[in-house]
Amino acid sequence: MTKWMIVQITEAPLELNDDEHSLCLPIADVEQATGDELLNLIETDAYEQGKQVQQFLFINHIKRLDVTISEQRSHDKEPDCQVIFDGKDPLTFITRFGAMGIAIQQAHCKGHKQDFTPLNKILPPHQGIITTPAVQELSCLFAAMCPSYELGNQLLAIALQEPKLLSTSKSERLVESHAKSVRQQELSVANEILKATQETEIPSLPLQASPTPRRSRLGDELLERVS
Ligand SMILES: [Zn+2]
């Protein structure tokens with residue numbers, strides 16, 4: 001008999017459909033297996049279903065935010081705005097647990113005769129596809145540890161169990177643009193240091209300011225072990 005796991009989000013906004021705030025997943029039948037086969041079956045099932053739950057949570061967060069922000073019907077060029085909804089278009093998010101296309105509300109301002117995407121107000125700048133900071137960092141990390149972009153990208157795919165997450169060329173562009181911005185940052189810090197006439201004018205850290213700390217628990221543990 002198939003066993004099921006149910007994930008339910010409480011206090012879902014009314015605008016979302018029933019299937020958007022609950023998820024029902026079959027759990028693998030492990031009664032017949034033993035030894036390594038048993039462990040492999042249990043691990044694979046937990047990993048695969050876990051990924052479905054992660055995707056479900058990610059999509060739910062994005063959809064809730066999309067509903068909330070779209071409902072404000074705000075176009076940044078007040079006054080004389082008259083915002084109407086203009087259907088939904090899919091936006092692709094590349095995350096640690098897979099690539100997802102999520103339908104995002106589009107809008108049109110009659111006052112300014114402009115199309116716009118309300119959610120873009122809070123999303124990072126992007127051209128069609130959004131790659132999360134975690135995937136960007138992992139791409140850079142694997143590329144730095146490997147003799148080629150191709151191998152780095154293959155190892156990333158194996159580590160995340162996501163063979164189709166990023167093409168090698170996309171991964172290469174990501175790493176290059178990251179490296180470029182780091183070099184620019186270093187150069188501007190170096191210039192500031194050279195221009196400084198006294199110590200107080202020297203910038204404190206050659207790092208990009210981040211409004212919130214993004215170090216993971218794993219990062220903290222690793223640092224504790226090496227220090
Ligand atoms: Zn407007």
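The legends below describe several close-up views of a predicted model.

**View 1. Four strands of the predicted model form an open sheet.** The strands are arranged in the order S5-S4-S3-S6, and their pairing is mixed. Strand S5 (114-116) and strand S6 (129-131) are the edge strands, each of them pairing on one side only. From one strand to the next, the twist averages 30°. Strands of a sheet pair through backbone hydrogen bonds, either parallel or antiparallel.

**View 2. Strand S1 is joined to strand S2 by 6 bridges.** The two strands, S1 (residues 3-8) and S2 (residues 22-27), run antiparallel. Valine 7 stands opposite leucine 23, which belongs to S2. Of the 6 residues of S1, the number buried is 0, and the strand therefore lies largely in the open.

**View 3. Helices H2 and H3 cross at roughly 130°.** Two packed helices are described by the angle between their axes and the distance between the axes. Here the axes of H2 (133-145) and H3 (149-160) come within 8 Å, and the crossing is right-handed. Because angles over 145 degrees count as roughly antiparallel and those from 65 to 115 as roughly perpendicular, the two helices H2 and H3 are described as oblique to each other. On the H2 side, the residues that take part in the meeting of the helices are Leu138, Ser139, Phe142, Ala143 and Met145, while on the H3 side they are Tyr149, Gly152, Leu155 and Leu156.

**View 4. Helix H4 has buried residues that are covered in part by strand S6 and helices H2 and H3.** The buried residues of H4 are Ser171, Leu174 and Val175, and what covers them includes S6, H2 and H3.

Methods: Residues numbered from 1 in each chain as written. Predicted model: local features only at pLDDT ≥ 70, side-chain atom pairs only at ≥ 80, totals over all residues. Pairing = 2+ DSSP bridges. Axes fitted to C-alpha atoms, helices over the stretch in contact; angles between N-to-C directions. Buried ≥ 20, exposed ≤ 12 C-beta atoms within 10 Å, placed from the backbone. Contact = placed C-beta atoms within 7 Å. Parallel < 35°, antiparallel > 145°, perpendicular 65-115°, else oblique. Left-handed = near helix turned anticlockwise from the far one by under 90°.
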